[in-house]
Amino acid sequence: MMTTKNSTSKQEQEHKSTTITPCISSHQSSVDGNEDDFSAEVPLLSKEEQGNNLKEQQQNQRLEAIRHLNTGTGVMDVAGGSGFVSLALALKGIKSTVIDPRENIGRLPGRHRKYLRKIIKTDAEKVNQERKRKSDGGKNRIEKMIILPPPPVQFSSLRAWFATRPDGVDVSFREGCSTTNNSSITNNILVDELSGNGMAGLHEGQNKKEVIPLCTICSPDKLLPSCTAIVALHPDEATGDIVDFAVKYRIPFVVVPCCVFSRLFPNRLKPLPKNENQICIDTQRNVREVVSTYDDLIEYLVDKDETIKVIKLDFDGANLCLWSTF
Ligand SMILES: C[S@@+](CC[C@H](N)C(=O)[O-])C[C@H]1O[C@@H](n2cnc3c(N)ncnc32)[C@H](O)[C@@H]1O
């Protein structure tokens, strides 16, 4: 059976415990028997004001999280393919880099690319106007307290294998036929505008086979040492490496595994069952089964660190999400 740990995060618990409680009631003075002493009175907040305070708090937390995620090299969208996860992050104003060996890395379909480009342009104008209006003095308290969401940003791409290139992987399928060894980080809008086709660094006549680089903690791209989080949606063969890497360097991560690739990874063994004290039970003289099903894979990955939690996402298919903020 698959083991799922308690998915209530520390942040959720903290959030619950900081939920606003109603202010001290104005009845307090009559309880004290001093009805004329108004100095200790704190006015009651109306339901609307309480709601606004809570909203403000949540907005601040969200902005704080985005500010944090945008420090250093930002979020790594590992095995990000054409960049749909990065698009979602970009629209929330979170900077990210897609890391993937495939040829059309970060190349969103035309209409998504145009949408992002347009929204970045119009939002920048809108945000500037809004900032100006606010700095001229908002009309009322509510208006002043509205914090503007960060503007959408462009995401980058790095054509590279994450951590390792597993033995036995179908390289021509993953890397494509016309490969280019361009390990520089590419801004997708720039590439799109300069080359017109969005192929990261693909130049005329450069279709000879070259080695796609590895992105590691010490690779020249310098992306991983100061990244703020790793996200990976259905990262195929990269799944195990991503979790190992995040656990080793204590980098917050969110991974949604999909395929198992049991033939590619015959050394992945299911963890031994544990008793209620989390002590391994050696039922079959240390005979451990090879990870061969989706549930096995989740169990194997969760076992890599005690902080890893599992939540189910709201879509069909491979929808279990493993995460940790360590
Ligand atoms: C199923 S696709 C998912 C793409 C994207 N995350 C999405 O959900 O649209 C799996 C991706 O994993 C990439 N991949 C496989 N092994 C990888 C590795 N070691 N490093 C980086 N990317 C890898 C593949 O090139 C492919 O683009």
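This is a predicted model: local features need pLDDT of at least 70, side-chain atom pairs count only at pLDDT 80 or more; totals for chains, interfaces and linings use all residues.

Residues are numbered from 1 along each chain as its sequence is written.

The protein chain holds ten helices and ten strands; these are DSSP runs, H or I of at least four residues for helices and E of at least two for strands, numbered from the N terminus. Of its 326 residues, 27% are buried, meaning 20 or more other C-beta atoms, placed from the backbone, lie within 10 Å of the residue's own.

Now the core. A nonpolar core is a set of buried Ala, Val, Leu, Ile, Met, Phe, Trp, Tyr and Cys residues joined through C-beta atoms within 7 Å. The largest one has 51 residues, and Val78, Phe162, Ile230, Ala232 and Ile242 have the most contacts inside it. Strand S7, residues 227-233, gives the largest share, six residues.

What surrounds the ligand? There are 19 residues, with Ala79, Gly81, Phe162, Leu233 and Ala238 the closest; the criterion is a C-beta atom, placed from the backbone, within 6 Å. Helix H4 (84-91), strand S2 (96-100) and strand S4 (161-162) each supply at least two residues of that shell.

Last, H4 itself. Its buried residues are Val85, Ser86, Leu87, Leu89 and Ala90. Just after H4, Gly93 has a positive phi of about 80°.

Terms used
A residue is buried if 20 or more other C-beta atoms lie within 10 Å of its own, exposed if 12 or fewer, and partly exposed in between; C-beta atoms are placed from the backbone.
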